[in-house]
Amino acid sequence: MTMPAESLPKLSMYIDGQWVAPASGEYLETVDPYTAKPWALVPRGNAQDADRAIQAAHRAFREGPWGRMHPSARGRIISKFGDLIEANADALAEIEVRDNGRLLAEMRHQIRYIPRWYHYYAGLADKIEGAVHPCDKEALSFSRHEPLGVCVGIVPWNAPLFLFSLKAAPALAAGCTLVMKPAEHTSATALKLMELVEEAGFPPGVINVVTGYGPEVGEPLVTHPLTRHVGFTGSTKTGAHLYSLAARDIKRVSLELGGKSPNIVFDDADLDNAVRGVVGGIFGAVGQTCIAGSRLLVHRKVHDQFLEKLAAFTRTARIGDPRHMDTRIGPIANAMQYQKVLGYIDIARDEGAELVLGGKRPDIEECASGFFIEPTIFAGVNNDMRIAREEVFGPVLAAIPFDEPEEAVAIANDSEFGLAAGVWTADMRRALLMSQRIEAGSVWVNTYRDVSYTTPFGGYKKSGIGRENGIEGIREFLQTKAVWLSTAEEIANPFVIG
């Protein structure tokens with residue numbers, strides 16, 4: 001029985017170092033995907049809340065101590081924030097599981113890994129160095145890198161705290177201030193994280209979190225005249241819309257968008273290892289990752305054998321309560337996405353794809369109420385089918401045979417997306433050639449879904465703009481200024497430049 005709304009815990013937004021109610025006085029239910037029942041109320045923000053948060057971040061940047069603080073001091077605060085996240089990882093993981101249905105085993109591991117982003121960028125904070133330029137004038141010419149100012153981060157529901165940190169850590173290290181908007185479906189962990197902000201030593205206004213629907217609070221954040229950078233992770237359609245809004249004021253934008261990533265298995269690959277990689281690539285996180293290896297390209301010589309092994313291994317994965325440590329397949333994160341994935345399964349059938357495995361709600365008692373879908377494999381797919389071209393964002397794999405490496409490259413690149421790809425082969429020369437020819441921001445060889453704070457991540461084509469992680473990640477939040485100091489005794493001719 002669903003709890004009445006008035007008895008659910010009511011969360012608050014975090015603005016200017018204070019816990020605040022939404023200007024509208026309205027709240028949204030956040031639903032546990034395992035039970036399909038609401039468990040908390042999240043503030044429904046609007047343009048007034050967006051303005052309040054942006055103004056707070058602007059004051060913190062222009063007038064507060066953050067903008068004048070030595071980078072080493074900023075780094076110490078950022079590093080302490082990472083330490084606090086690590087100390088509270090289990091509590092944060094429990095909330096993440098309840099909010100979006102990801103496996104507790106996975107979330108404990110992931111959230112314990114998140115502090116490394118803060119530690120890495122804390123170490124970079126005082127290493128943002130300019131340069132002295134060889135100059136053919138009577139002048140000393142040098143450059144410096146300065147923070148952009150107020151940065152807005154909009155993150156999706158599939159990995160809320162992880163994607164929050166990919167944006168927050170480098171922006172803070174660059175000296176920027178932040179307004180973060182988590183997805184309306186999964187705002188609880190971002191708000192819980194704010195309990196650690198003051199303890200870490202961040203001055204008021206440096207990090208702010210507002211919640212609510214995209215059109216009501218997200219768009220006002222993007223279009224606010226004081227916003228200098230917009231970082232977004234989510235669908236290509238929404239990213240394009242926000243890009244157009246940001247372009248009106250020529251704001252800097254970083255977009256990490258959709259994917260339809262190919263996982264390519266050659267006939268010389270270690271098939272058992274490739275099976276494990278393919279399963280992790282598409283059924284890990286129930287396929288709800290932008291880098292999901294949702295297109296399986298298999299050499300025709302091993303196609304049938306590989307699919308047989310793949311289906312057999314997938315059947316061993318336990319489906320059920322994400323809080324159980326032996327569960328491998330949890331629920332879809334929300335009702336809307338659940339219906340979308342079921343719709344794509346129907347589309348694949350209508351297009352003539354052959355259902356090898358899954359395709360329905362599991363017939364398991366503990367999955368009766370939640371948003372569960374069996375791991376689903378389709379064979380007989382060609383690259384023109386919608387199931388091979390559109391991002392499903394669920395546990396649905398489309399298998400396509402190929403004969404030659406050139407054909408695999410052509411199929412892999414025949415997509416509007418270019419986020420990631422996998423290559424499974426024992427031939428390292430082939431692996432290098434494939435990695436060069438595939439149009440994707442990340443190419444994994446004999447592995448899949450590996451990420452690191454040290455390694456740039458982003459997409460080609462409609463999969464995004466800009467890069468997260470590594471040194472390139474902090475550059476997204478910096479602007480370069482050139483300074484000229486004349487050594488000439490006088491300006492020779494003021495009407496001539498050059």
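**A walk through the chain**

The secondary structure of this chain comes to 18 helices and 22 strands. The radius of gyration is 24 Å, close to the 23 Å that the globule rule gives for 498 residues, so the chain is as compact as a globular protein of that length. Keep in mind that this is a predicted model.

Next, look at the overall dimensions. Along its principal axes, the C-alpha trace spans about 80 × 60 × 40 Å.

Now go inside. Of the 498 residues, 56% count as buried. Buried here means a relative accessible area under 20%. Then ask which residues touch.

The chain exposes about 20900 Å². Carbon and sulfur atoms supply 51% of that area.

Charge comes next. There are 51 positive side chains and 61 negative ones. The centres of the two sets lie 2 Å apart.

Finally, zoom in on one residue. Alanine 312 sits in helix 13, which covers residues 303-315. Its relative accessible area is 40%. Exposed residues have over 50% and buried ones under 20%, so alanine 312, at 40%, is partly exposed. Now find arginine 112, which is 200 residues away from alanine 312 along the chain.

Methods:
Residues numbered from 1 in each chain as written. Predicted model: local features only at pLDDT ≥ 70, side-chain atom pairs only at ≥ 80, totals over all residues. Heavy atoms only, no water. Helix = DSSP H or I, 4+ residues; strand = E, 2+ residues; numbered from the N terminus. Rg over C-alpha atoms; globule rule 2.2 N^0.38 Å. Buried < 20%, exposed > 50% of the residue type's maximum accessible area, 1.4 Å probe, protein only. Areas by Shrake-Rupley, 256 points an atom, 1.4 Å probe, with all protein chains shown as cover. Lys, Arg positive; Asp, Glu negative; His and termini not counted. Charge placed at Lys NZ, Arg CZ, Asp CG, Glu CD.
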